[in-house]
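Open the model in your viewer and keep the sequence panel beside it. The stops below each give a selection and then what is there.

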Amino acid sequence: MERNNLGGIVVSSEPVLQLHNVTKKIGRRVIVDQLTFDVPKGEVFGFLGPNGAGKTTTIRMIVGLIKMTKGEVIVNGISIKNNFQLAMTHIGAIVENPEMYKFLSGYQNLLLFARRHQQVTKARIDEVIQLVGLQHRIHDKVKKYSLGMRQRLGVAQALLHKPSVLIFDEPTNGLDPAGIRELRDYLRKLAKEEGIAVIVSSHLLSEMELMCDRIAIIQNGKLIDIRKIHELRQQVGVQQVTIEVSDAIAAQQHVQAFYPDLAVVIQGNSIQLVIDRSTIPEVVRYLVHQQIDLFSIQLGQQSLEDQFLQLTGGEQIV
């Protein structure tokens, strides 16, 4: 396993999870449409999309809860179509709430879960308990756990059999800010120190920005784009510009005639657009030339949420 000078895992270009043209149809309705992407080890990969985009359906197909209409999912080089049971030994997942017995202790829950897999030793159970930070409460009954502690126990369950891929569907649901941060830190630790590929679906854009290395944006079952988070943050040349004008409708029409592919939104007496910083003087000169009076110009850095809404045509996230 390749490590950097600080002891962390180096994100490998070799994928541990591959989706090729994964499609799900129910009747004539296409839920997921030819979804294709790869996830390497050591990466936290995020799913974003508006309501009904197909995120949860995709995750359910990956872990075998529902069948694909067509396409292929490959885990560590193993096709889930050709060898489902072997492929699943490389995946740990929490698709909904972690399954556990509340009247038993956390440790007893892990013992029961370990029986589902071969060669999970007591040493491995102790290892994952340390990894998720439950060593001081592991012998307490689960009914006494906070929601954040239950989530950590769920992560421990998913890790017992040493999977190559961890999948979480909305893992921060119901957690308070401290619990969200705690879980986020654990998932990043697992990716960077253990070399596990972590796939997370969430409706919290701010958390995805802090948690993920890359995000995949899907809409109507189709992959719109895959972006690296650090590249999004480095797009300092892109500005959100709000221009207060004498006639917002006329200004919108003129700018869109000059830049046919540019989205221009009217907000009261202003127009709002997202353009390259170097283009702003050109737009200002053009509006003045068209006898549109300008009263103010406000510049703002485009956030991850702004870019998401722009890519999805303004549709709200789940």
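Buried means under 20% relative accessible area, exposed means over 50%, and partly exposed covers what falls in between, with a 1.4 Å probe and protein chains only. Helices (H or I, at least four residues) and strands (E, at least two) are DSSP runs, numbered from the N terminus. This is a predicted model, in which local features need pLDDT of at least 70 and side-chain atom pairs count only at pLDDT 80 or more, while totals for chains, interfaces and linings use all residues. Residues are numbered from 1 along each chain as its sequence is written, and side-chain values use heavy atoms, with hydrogens and water left out.

**Whole chain**

Start with the protein chain selected. Its secondary structure comes to eleven helices and 14 strands. Of its 318 residues, 49% count as buried. Contact means heavy atoms within 4.5 Å. Among contacts with a separation of 6 or more, 68% are between residues 24 or more positions apart. The accessible surface (Shrake-Rupley method, 1.4 Å probe; for residues, only the protein chains shown count as cover) is about 16300 Å², and 47% of that belongs to carbon and sulfur atoms.

**Helix H1**

Select residues 55-62, which are helix H1. Is this helix enclosed or open? Six of its eight residues are buried, so H1 is largely enclosed by the rest of the structure. The buried residues are Lys55, Thr57, Thr58, Ile59, Met61 and Ile62. Glycine 64 follows H1 and has a positive phi, near 85 degrees.

**Helices H3 and H5**

Next, select H3 (residues 106-114) and H5 (147-159). Axes are lines fitted to C-alpha atoms, for helices over the stretch in contact, and angles run from 0 to 180 degrees between N-to-C directions. H3 and H5 pack at an angle of about 25 degrees, with axes 10 Å apart. That angle makes H3 roughly parallel to H5; the classes are under 35 degrees for roughly parallel, over 145 for roughly antiparallel, 65 to 115 for roughly perpendicular, and oblique for the rest. To see the contact, show Gly106, Asn109, Leu110 and Phe113 of H3 with Leu153, Ala156, Gln157 and Ala158 of H5. These residues divide into five nonpolar, three polar and no charged. Here Ala, Val, Leu, Ile, Met, Phe, Trp, Tyr, Cys and Pro count as nonpolar, Asp, Glu, Lys and Arg as charged, and the others, Gly among them, as polar.

**Serine 164**

Move on to serine 164, in the loop between helix H5 and strand S7 (165-169). Serine 164 is buried, with a relative accessible area of 17%. What is it in contact with, leaving aside neighbours within four places in sequence? Show Val16, Asn76, His90, Ile196 and Ala197. Serine 164 and histidine 90 are 74 residues apart in sequence, and their C-alpha atoms are 5.2 Å apart.

**Helices H9 and H10**

Select residues 248-258 (H9) and 280-289 (H10), which pack at about 125 degrees with axes 10 Å apart. This makes H9 oblique to H10. Ala251, His254, Val255 and Phe258 in H9 meet Glu282, Val283, Tyr286 and Leu287 in H10. The contact residues comprise six nonpolar, one polar and one charged.

**Two asparagines**

Finish with asparagine 21, in strand S1 (residues 15-26). Its phi is positive, near 50 degrees, in a residue other than glycine, and asparagine 21 is partly exposed at 41% relative accessible area. Asparagine 220 is in the loop between strand S9 (214-219) and strand S10 (222-228). Phi of asparagine 220 is also positive, near 55 degrees, and asparagine 220 is exposed at 55% relative accessible area.
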